[in-house]
Amino acid sequence: MNIDILLFPILLPLIFAVMGLFLKSKKLINYWAVLGSAAVLYCAYVLFGIKQASLVLPWLGHGIDFDLKLYGFNAAILLWVNIFTFLVVLYSTIKMETSTRIKEYYLYVFLTVMFANGSVLADNFVLFLFFWGGLLITLYMLIMLGNLNSYKTALKSLILLGLCDFCLLLGVVLLWKISGSLKISAISLEAQGLAMISFLLIMIGAIGKAGAMPFHNWIPDAAIDAPVTVMAFLPASLEKLLGIYLLTRISLDVFHFQMNSPVSIVLMTVGAITIVFAVMMALIQKDFKRLLSYHAVSQVGYMILGIGTGTPLGIVGGIFHMLNHAIYKTGLFLSSGSVELAAGTTEMKKLGGLMKSMPVTGLCFSVCALSISGVWPFNGFVSKEMIFHGSYETGYLIFTIAAWVGAIFTFASFLKAGHSIFFGAKSTEIPEVKENSWPVLVPMIILSAFCILFGVYSILPLKLFILPALSGHPEVLAELTFTHNLSLLNPIALISMGCLVIAFGLHYLGVKKGQGKAYLASEPVHNLPIIKTIYNLAENRVFDFYEQGVKLIKLLSKVIYYTVDRPIDFVYERVVTVTGRIVIFILRVLHNGRFANYLSWSLAGLMALGYVMGTLIKKAG
Amino acid sequence: MVILFIILPLIIAGLLPLLGKVSKKVLPDFLANAVFALLLGYSFNFAWNASAGKTILSQVNLAGIPLGITLRLDALSLLMLFTIALVSLGVGIFSVNYINQEKYSSKPIYYSLLLLTVAGMNGIVLSNDLFGIYVFLEIAAIASYALAAYGLGKEELEGSFKYLMLSVVATSFILLGISMIFALTGTVELNGIASVLAYSKAIKIKYLIGICSALFIMGFGLKSAIVPFHSWMPDAYSKAPATLPAMSSGIMVKAAGLYVLIRLFYNVFGITPAVQTVLMYLGVISIVVGALLALGQNNLQRLLAYSSISQIGYMVVGFAIGTPLGFIGALFHMFNHGIFKSLLFLNSGSIENATGTRELDELGGLAKKMPVTAGTNIVASLATAGVPPLNGFWSKLIIIIALVQAKFYIFALIGILASVVTLWYFLIIQRRAFFGKLNETWKDVKEAPFWMSLSSIMLALICIILGIAFPWFIRLWIEPAANVLVAGIIR
């Protein structure tokens, strides 16, 4: 049998998913999962080496083929998807040990991998939608594995992402109408008029998957309700990779737009708003996982902003930030999971001084936290600098400022988190904790290592993984220079470093005001006059358009119930039954059992018949 | 030997009271059911002949000397014979246990009345002359008056008397109609009348035929309980032994009423728009009035009687459309109704046998005690209401499609709405008799005896099987019969 190698990343996870169902012992399942993810990772690695391949099989007809295409960029995405999967699975062998539904968990994980690989490789929009939609279902099932409340969050994610997917579908249909083709790599349009609407619809699908505002609401809820491995696996890494991958594909290949075109402004605005609002929410969180989840939203803003600039530097920075973010955010979620595993909670109030007892976790957290804050020389610094530069080049300074504001509060909130959890005084509220075993630590160490490597030697990931995205765009490549990230002394870099200093100052002040309690460090900002009201509204989910939408629909259904349903019901309940009863009563009274009555009806009937027949015959003749 | 259909039940009916002196129960049970089974099997003998469209006209001889009686066996009469034999077999098997009740005196006489009814009905559908029809009509009718009064209770006698009186009025009008036809054409043979009428175009004759039509519609309409000639039916049924309404509503109203009407109008007089219109309206009124009246009833058999009136309305409407599809729907519904309505009446007999009452008020929660009765009753109820995939659904569907095809949209709508009402009152029966809280009085109630259950199961199975295999059944039995009606005036 001759199976094309391109099918391996899709078929292998499926095989592992199905076979895993037949395993009995928990240990065996864990080994099986690690083996499976390693196999798929190897397969992705081989494909990454091949770089160019394609496969077209007839599928549904009408231009809808089972069309897979591998090129530099999606080979890199494919590789990273599977690296994260492998690390998360390795981590899960310890973290999910207590779960009673481990079999289901791995089934969904492998199905997710299958769908993710499929949507990365797909070169036909219908096939792509097929895989993309599958992700929605596995995400729902994975969140359902969490605590008792998780079904609500799962539903929320399903509806929000379902909405995004619906927009995506509409966009694809529109695109099909405009271009007449469904082959992704064959479409190339200027984003104007109808094509712009199609682009915006597909963009909603992409950034919704990545978790940008206003489609982010499920992520903070899921941080509490869903297993932490699911958070590290999907919202932190895979969904960012996929969402930004799609955004890159449509912004670079499928559609074209110029710098500062309307599309570009829309993207940058969405990005800037996402950065600022999400980071402000993140700042005041008192739960580690929830804080991380808001950052997962905020960082998407940087990527969208970067790609939206339309400048070479911005685009490369956005894509690079996607990769970096996936690395350090997964690392951060894994470290939060490690803390949860050891201490049993992730509430900052209860934790403190864990550095001594959990040095590896603490160290990895520190590296990742410095990365996300954009401290030199970690990877976050490089990609953020590129985005700052790119947005500055557009001439709209406001977006750059938004990005800087984001940087301040990002660092401030991580100072707060690190200070209250790992440093500072030892907490008395939790028992003595111990460092976790190696399957938990290894993924974090690897990820932290990547953070440092990609920061110090940033040219390596850029050349290997990011630049292939720009293949076919020589004009962009020609303009790119990577000298800026080594020279720390340009004004933009200096301003960003100034931001970090401001953040440090804010934190210092906050801790002082909170009488040394680090988890209260953000309270001064929280309690600012106008901002406090906004925060209160946000905490009460006034801005959560899902909750508001649910309220609106409930109201609407009530209105319809009272204005439409009840009156109709009244007609049935009262008018119809009462008239029916009256008719039946009359008929019953007529049937009183008197022979004479009955006879007279029959005779009257006969006469009427004779008369009617006579008239009818007269009419006819 | 077409005559066997009439002679065999007649002879056994005569012999049974004599044989009853020898064996009071076993022999009558066996003989009567053997006759029904034989008739059923014998009707298959002609099935291929009839489905090929052949008509058998057989002159009756007495020892080689021809008598002035011809019998006519075509696909339409064969379908009737088949239905009669099938339903009467079901009723006969049911009677094996049912007539053992104390209030019913003599089993041999009961069976001979049943056989007489069957002989009468077979005679009606086989007769080729109007007078023969009249004679057999009276044979069947008088036997059924006796059956209606068989328990000799006060209300049974009253119901039977009403039945008798109204029927007498009907038959006298029928006789009047027949004599007018005879005066007009000089013959009572169906093909004779048909050929004479076909050549007379005078307007006076049209009027006279119109009057005869009115008389026949009234007379046979009363026999088939079309509103407003329906009033005998509920009274006659409410107290009679359950087997009488099963026979009467299941087949007699069709053989003695509807069959003769359609035979006369489509095959002898030739259908006119006037008759079609009248029948259509009568049918729709029957559907509505019957369904509404059924809703308000408390006595199970009375309710079923009104339901029969409503269902007969469907058949009348189906025939009145006059299109091939309408004929198929109406004939199929005729057969189906024979099966499920007799099953419903037999179920009420089972209930009465077990509890001694048919009043819905006094029943309740019997499903646990009588699973077979409850199960078969659900099947029959759903079939009557026209719930897929049971046989009643298809026949009603065909009628309604035929109505829509012929552009009678309002009537189609009424037909659908009435079937909703039908479902409604059958659900009421289910709730009040079989489900809900078990009435404490019936906690020792037992399932119906073997033969009663067997007969119910047999009929319910036919409902289910026909619901699935209806295309086969329509091709073999219904379509040839419909073709006889489509072919028009006989020669």
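Predicted model: local features only at pLDDT ≥ 70, side-chain atom pairs only at ≥ 80, totals over all residues.
Residues are numbered from 1 along each chain as its sequence is written, with chains lettered from A and ligands numbered from 1 in the order in which they are written.

**Chain B and the cores**

- Chain B holds 18 helices and two strands; helices (H or I, at least four residues) and strands (E, at least two) are DSSP runs, numbered from the N terminus.
- Of its 491 residues, 60% count as buried; buried takes 20 or more other C-beta atoms within 10 Å of a residue's own, exposed 12 or fewer, and partly exposed lies in between, with C-beta atoms placed from the backbone.
- The largest nonpolar core has 202 residues, and B:Leu79, B:Ile124, B:Leu331 and B:Cys463 have the most contacts inside it; such a core is a set of buried Ala, Val, Leu, Ile, Met, Phe, Trp, Tyr and Cys residues joined through C-beta atoms within 7 Å.
- Helix H11 (residues 243–269) of chain B gives this core its largest share, 18 residues.
- Another core lies apart from it, with 197 residues, among them A:Ile77, A:Phe110, A:Tyr294 and A:Cys364.
- Beyond its neighbours within four places in sequence, B:Leu331 is in contact with B:Leu79, B:Ile478, B:Ala481 and B:Ala482; contact means C-beta atoms, placed from the backbone, within 7 Å.

**Where the chains meet**

- On chain B, 30 residues are in contact with 22 residues of chain A.
- Helix H9 (203–223) of chain B is one of the elements that give two or more residues to this side, and H9(B) supplies the largest share, ten residues.
- By class, this side of chain B has 21 nonpolar, six polar and three charged residues; Ala, Val, Leu, Ile, Met, Phe, Trp, Tyr, Cys and Pro count as nonpolar, Asp, Glu, Lys and Arg as charged, and the others, Gly among them, as polar.

**Helices of chain A**

- The 20 residues of helix H5 (residues 125–144) should span 28 Å at 1.5 Å a residue, and the end C-alpha atoms are 29 Å apart, which agrees; the expected span is 1.5 Å times one less than the number of residues.
- Buried residues of H5(A) include A:Phe125, A:Trp132 and A:Tyr140, and their cover includes strand S2 (64–70) and helix H4 (102–121) of chain A.
- Helix H7 (residues 194–210) of chain A is mostly covered, with 13 of its 17 residues buried.
- A:Gly211 follows H7(A) and has a positive phi, near 95°.

**Backbone spots in chain B**

- Most residues other than glycine have a negative phi, and most peptide bonds are trans.
- A cis peptide bond joins B:Val227 and B:Pro228, with omega about 5°; B:Pro228 sits in the loop between H9 and H10 of chain B.
- The bond from B:Pro388 to B:Pro389 is also cis, omega being near 5°.
- B:Ala225, though not a glycine, has a positive phi of about 60°; B:Ala225 is buried, with 27 other C-beta atoms within 10 Å.
- B:Lys407 has a positive phi near 70°, and counts as exposed with 9 C-beta neighbours inside 10 Å.

Key
Contact = placed C-beta atoms within 7 Å.
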